[in-house]
Amino acid sequence: MKDPFVLGTILAHPDDETFGVGGTLIRYADEGARVHSLCLTQGDQGWMGDPAHPIVTRERLGAMRAEELAESGRRMGLESVTCLEYPDGALAGVSEDAVVRDIVRWLRRIHPDVVITWGPDGGYGHPDHIAAGERALKAIELAGIQRHMPELGEHWQVRRCYRFVAAADFIDGIRGINPQFAAYMETLAVKPERWTRDRLGAAIDIRGVVERKIDAMRAHQTQEPDYREWIGAREKIPWLFSEEVFIREFPERGGPPLETDLFAALRKTSPHSLAKRA
């Protein structure tokens, strides 16, 4: 059995890894896990800076955001980042087969024990996030089937999958201090679910690495408005940055019992050196 554990993320935009689950990734990289991220778009429809003084052209934005992801990944201790070029803002409209095929190829190359992807509501209803999660789950299933597209690599069975969600109290906190974002969420077709504590499958304490998460967030220069919002939120509600939460998708789908370690079940049966050090 390979050593140490491998953690992979399959998300939609170059800042999802950092703003979303950066604390979790840093924690496991620090423990010695090999951490890899797969981003399905370059986020090329995002913010370019002050319209009067843009920091980048629209044509260059996607490449710049991919570079930002690489730098934030370096700051978090990731072993690799891969940024595909599916259309930002239109991921759900792309051929599902094409996206799934690329994810299967990546899974069979990276060999992750645990995969993190977006939850069923995409965190707050973002359609790209929802599409990324749906395609990731299908790819995880197909990657483990030996007869499925052997040309994409030797089959690989992911051992556990978790879906990143926004806790109900987190959403409530954001609604209370950011009416503009609350109004934006109301425009989306899918509304965030109420992920109360009793529905969660895992909660990862990131208080010990939160400053490093913030440093990795700073690498995303094109997300500077979002960064300002996050920092402002932290100043008003410090506990917003205390943990990152998930529901379990595979092999036991659902919530409780609440785990505090995404590798807990694997450590009990695995001779990995990471399991011995933990």
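**Cysteines, rings and cores**

Mentor: Let us begin with a cysteine: Cys39 has a relative accessibility of 0%, so Cys39 counts as buried. Please keep in mind that this is a predicted model.

Trainee: How many disulfides does the structure hold?

Mentor: A disulfide is a covalent bond between the sulfur atoms of two cysteines. In this structure there are zero disulfides. Cys39 takes part in none, and the nearest cysteine sulfur, which belongs to Cys83, is 4.0 Å away. The sulfur atoms would have to lie within 2.5 Å to count as a disulfide. Cys161 is likewise in no disulfide; for Cys161 the nearest cysteine sulfur is that of Cys39, 17 Å away. Cys161 is also buried, with a relative accessible area of 0%.

Trainee: How should I describe a pair of aromatic rings, and how many aromatic pairs are there?

Mentor: A pair of aromatic rings is described by two quantities, the distance of the centres and the angle of the planes. Here the count comes to ten aromatic pairs. In one of them, the ring centres of Phe181 and Tyr184 are 5.8 Å apart and the planes stand at 40°, so this pair is tilted. Both residues belong to helix H7 (residues 179-186), where they are three residues apart and thus separated by about one helical turn.

Trainee: Where in the chain do Trp230 and Phe241 lie?

Mentor: Trp230 is in helix H9 (residues 224-236), while Phe241 is in the loop between H9 and strand E9 (243-250), so the pair ties together parts that are eleven residues apart in sequence. Trp230 is partly exposed, at 21%, whereas Phe241 is buried, at 6%.

Trainee: What is the general idea behind a nonpolar core, and which residues of the largest one touch the most other members?

Mentor: In soluble globular proteins, nonpolar side chains tend to be buried together. The largest nonpolar core here has 55 residues, and those touching the most other members are Leu107, Phe246 and Leu262. Helix H3 (residues 96-110) supplies the largest share of this core, eight residues. There is also a second, separate core of 24 residues, including Ala167, Leu200, Val210 and Ile231.

Trainee: Which residues does Phe246 touch?

Mentor: Leaving aside residues up to four places away in sequence, the contacts of Phe246 include Val21, Ile116, Tyr162, Phe164, Leu200, Ile204 and Leu262.

Trainee: How should I read the strand E9, and which strands pair with E9?

Mentor: In a regular strand the side chains alternate between the two faces of the sheet. E9 is mostly covered, since six of its eight residues are buried. Strand E7 (residues 160-165) pairs with E9 in the antiparallel sense over five bridges, and Val165 stands opposite Val245. Strand E8 (residues 202-205) also runs antiparallel to E9, joined by four bridges. Within E9, Phe246 is the bridge partner of Ala202.

Technical notes:
Residues are numbered from 1 along each chain as its sequence is written. This is a predicted model: local features need pLDDT of at least 70, side-chain atom pairs count only at pLDDT 80 or more; totals for chains, interfaces and linings use all residues. Side-chain values use heavy atoms; hydrogens and water are left out. Rings of Phe, Tyr and Trp (its six-membered ring) pair if their centres lie within 6.5 Å; planes under 30 degrees apart count as stacked, over 60 as edge-to-face and the rest as tilted. Helices (H or I, at least four residues) and strands (E, at least two) are DSSP runs, numbered from the N terminus. Buried means under 20% relative accessible area, exposed over 50%, partly exposed in between (1.4 Å probe, protein chains only). A nonpolar core is a set of buried Ala, Val, Leu, Ile, Met, Phe, Trp, Tyr and Cys residues joined through side-chain atoms within 4.5 Å. Contact means heavy atoms within 4.5 Å. Two strands pair if DSSP finds at least two bridges between them.
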